[in-house]
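Below is what I looked up, in the order I got to it.

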Amino acid sequence: MVRFILSAVLLALPVLSSSADNCRPVQHAMGHSCVPLQPLRVAVLDTGELDTALALGVLPVAATTPYQVGNLPAYLPVQANSIASLGIVQEPDLERLLQLQPDLILGSKLRHGKIYQQLSAIAPTVFSESIGASWMDNLKLFASALNRTDKATQWQQQFAQQCDRVTALYARTGRPPVSVVRSMQTHIRLYLTDSFIGSILQRCSIRRPPSQNVSGFAVRLRSPGKITQLDAPLILLSEYSETQGSLIQSWQQTPFWRLLEGKLHPVNDSYWMLGIGPIAAKNVLNDLQNILETYAVN
């Protein structure tokens, strides 16, 4: 009931606006917003926006956290208690957000398009169209909103240079196909080209198995009888919640597990899957370099 009343109140408020003297218009997925010249109290609604803000040198005053994780991804260079919690990504706490008085909110139409009007009544809100594979475009958009385009350009250049190094190293290994697997509690995901990881591998010219080299976000498997769909010379495996029992742990106890012939490499779920921003991308490239160097030696 409290949340319903709050939503009604926010919808009744006029969308915030500022004079041209103290704000800049930013075009985004939901139209345009006039944002502060130098935002000081930024709130973010997903890990991609949090990653991007930190990469650009901005410490948000508030952020959501991934479902079931309960805290900020460990790879990010920030203490969790330095950022106020807005609850989980799927259901931001608007009452708490209103209390924190942000001057800019960053999010995505994909995640929170349905509550854009409520958010805009709290502060100027800038939304990307989607998340994941669009992380580089989102970096440009949010850098514009934060007035930090030069910093974004530096990240883009660094990523391109590191990606070229990964490509060169990969060529020296014979370019084996790489399978990207994520184990959830109820299913296994094989990541396709229209995902954060898929976009990075594609940019660095990393080959994928035919079943993963197609458009889309991910394929979901629930039966160990499908286990050969995971196979490739290199299998990169992340587990969403190892301590709570990811499905791959059950599959490893079945006779089907022996059907896999590829070399398995565990990777960090917090930035391979949850990060979806430039800091996560840099960490992914670091891992790829280390894995490919090991593969080349063996």
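What is the handedness of the link of Cys23 and Cys34? I am working from a predicted model here, and in it the link is right-handed, with 80° about the S-S bond.

**Entry: disulfides.** I checked the sulfur atoms of Cys23 and Cys34 and found them 1.8 Å apart, a disulfide. With a cut-off of 2.5 Å between cysteine sulfur atoms, my count comes to two disulfides. I then looked up where the pair sits: Cys23 is in strand E1 (residues 23–28) and Cys34 in strand E2 (residues 31–36), so the bond ties together parts that are eleven residues apart in sequence.

**Entry: a helix pair.** Next I turned to helix H6 (residues 135–146) and helix H7 (residues 149–172), whose axes come within 8 Å and cross at roughly 160°. Because angles over 145 degrees count as roughly antiparallel, H6 gets that label relative to H7. From H6, I noted Trp135, Met136, Leu139, Lys140, Ala143 and Ser144 in the contact; H7 brings Thr149, Ala152, Trp155, Gln156 and Phe159. Sorted by class, that contact has seven nonpolar residues, three polar and one charged.

**Entry: the largest pocket.** I read off a volume of about 590 Å³ for the largest pocket. It is lined by 30 residues, and the closest to its centre are Arg111, Arg182, Arg189, Met273 and Leu274. I also asked which elements give two or more residues to this lining, and got helix H4 (109–112), strand E9 (188–191) and helix H8 (196–203).

Definitions and conventions
Residues numbered from 1 in each chain as written. Predicted model: local features only at pLDDT ≥ 70, side-chain atom pairs only at ≥ 80, totals over all residues. Heavy atoms only, no water. 1 Å grid on protein atoms, 1.4 Å probe; cavity = no way out; pocket = protein on both sides within 12 Å on 5 of 7 lines; lining within 4 Å. Points joined across faces, edges and corners; volume = space filled by probe spheres on them. Helix = DSSP H or I, 4+ residues; strand = E, 2+ residues; numbered from the N terminus. Axes fitted to C-alpha atoms, helices over the stretch in contact; angles between N-to-C directions. Parallel < 35°, antiparallel > 145°, perpendicular 65-115°, else oblique. Contact = heavy atoms within 4.5 Å. Nonpolar A, V, L, I, M, F, W, Y, C, P; charged D, E, K, R; others polar.
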